[in-house]
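Good morning. I would like to take the group through one protein model, moving from single side chains to the whole chain. Please keep the structure in view while I speak.

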Amino acid sequence: MNRLDVENRSILIALTGSRGYGLNTDTSDYDYRGVFVATKPYYLGFSKIEQKDRGWTSEPGNFNYLGRDTCIYELRKFLELSADNNPNILEMLWFKNYVHLTPVGEELLRHKQMFLSTKVKHTYAGYGYAQIKKLESHRRWLLQPPTKKPLPEDFDLGATPPLTVTQVNAFLEYLYLLVRDRIQFLEPAQELYKLLMADIDYKGVLKQYALPEEALEYTKKITNSSDNFIHVLQKSQQYQNALREYENYQQWKKNRNPERAALEAKVGYDAKFAMQAIRLLRSGIEILTTQQVIVDRREAGDTEELLAIKRGDYNYDQVMAIANQLYQGLDAAYTQSKLPKSVDREAVNQLCIDLVAQQGW
């Protein structure tokens, strides 16, 4: 769908990012996110669309404020992500003012409470953790930058070529399925199954980290693999991870914003990532305790603290201490929360039907 079609069928558009959070500075970008209902061919035919995140500067349109930093989600995709308690998506239902809002969008907002569940503990903690991991990667690159590109022989893979990323991932997918099938129907393991398959991205963990020594024997046993293959697998993972680290460092060094890089060099960490992590963790606690999503941090009362973190007024140890305290608060809020354990997906499905019918073709 082109820009005009998406604009004409948009039901909700919000100014998001730092300006939406009340954390903007004079140079902050204008970020917009929204929701639209696709046309008939996308519902009844083979055509598919989940979002429009490009073409805003090259295609003609009526909403002059929309620009490069715009993403408008198709309703079904938006509802799926909201039901999963995706922080960036969930927040779109809780702004006080919208730059564009139709009666269908208002109907969606009237049902925003149905999307809150205790799963926010995991999603907000996960998104916050992702910001912390980026912060730690950048800090590592600042203090101990990679000095050379990794080679296979650095990982005892001189005689045996390393497995490709595709080969490694294919094996790990197989391992994931084996583990899942072994615990799926064991009554004492139901909590473990839920932990690995729902609460934790176990497959993602498998693909992100090399298999530890203590897991090699069990992996060899359940996959009926040879000692040599398991050795090559682990070393290939270590090599691919080191190579990815090196390439990410090169891209980071090449594409850094000069002003942000200068601040990062001065304080020793990426202050913007730190601010985002603290905001996410704090928001998660607020949702679990108040059953409300406070998007505008001026309303929450922590704007000055977050801006101070963004300016680099806090040192690295202070930021990490705040984050660790918030993680503990998130655990406590989760155990006491009165939110439902999960979102009623049947109700979300019916809402989707109702909104599409109200929008019409």
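The side chain of D154 reaches the backbone nitrogen of L151 at 2.9 Å. A polar contact here is a pair of N or O atoms within 3.5 Å; within protein, one must be able to donate a hydrogen and the other to accept it, and residues adjacent in sequence count only if both atoms are side-chain atoms. This is a predicted model, in which local features need pLDDT of at least 70 and side-chain atom pairs count only at pLDDT 80 or more, while totals for chains, interfaces and linings use all residues. Residues are numbered from 1 along each chain as its sequence is written, and side-chain values use heavy atoms, with hydrogens and water left out.

Where does D154 lie? D154 is found in the loop between helix 7 (120–143) and helix 8 (165–183). Helices (H or I, at least four residues) and strands (E, at least two) are DSSP runs, numbered from the N terminus. With a relative accessibility of 42%, D154 counts as partly exposed. The terms are these: buried means under 20% relative accessible area, exposed over 50%, and partly exposed in between, with a 1.4 Å probe and protein chains only. Leaving aside residues up to four places away in sequence, D154 touches K148 and K149, where contact means heavy atoms within 4.5 Å.

Let us turn to R33, which lies in strand 2 (residues 31–36). R33 is buried yet has no salt bridge. A salt bridge is a side-chain nitrogen of Lys or Arg within 4 Å of a carboxyl oxygen of Asp or Glu. The nearest side chain of opposite charge, E91, is 4.4 Å away from R33; Lys and Arg count as positive and Asp and Glu as negative, and His and the chain ends are not counted. What does the side chain of R33 meet instead? A polar contact of 3.5 Å joins it to the side chain of T16, and the backbone oxygen of N88 lies 2.9 Å from a polar atom of the R33 side chain.

We now come to the charged pairs. Side chains of opposite charge can pair when their charged atoms come close. How many salt bridges are there by this rule? The count comes to 24. One of them joins K77 and E50, with the closest N and O atoms 3.6 Å apart. K77 lies in helix 4 (residues 75–83) and E50 in the loop between helix 3 (40–44) and strand 3 (51–52), so this pair ties together parts that are 27 residues apart in sequence.

R110 and E107 form another salt bridge, at 2.6 Å between the closest N and O atoms. Because they are 3 residues apart in helix 6 (residues 103–110), about one helical turn separates them. R110 is exposed, at 57% relative accessible area, whereas E107 is partly exposed, at 22%.

In the salt bridge between R256 and E264, the closest N and O atoms are 3.1 Å apart. R256 is partly exposed, at 25%, and E264 is buried, at 3%. Elsewhere, salt bridges that share partners join R282, E286, R297, D302 and E305 into one network.

Finally, the whole protein. Its secondary structure comes to 18 helices and 5 strands, and 46% of its 361 residues count as buried. The C-alpha atoms fill a box of roughly 65 × 50 × 50 Å, taken along the principal axes.
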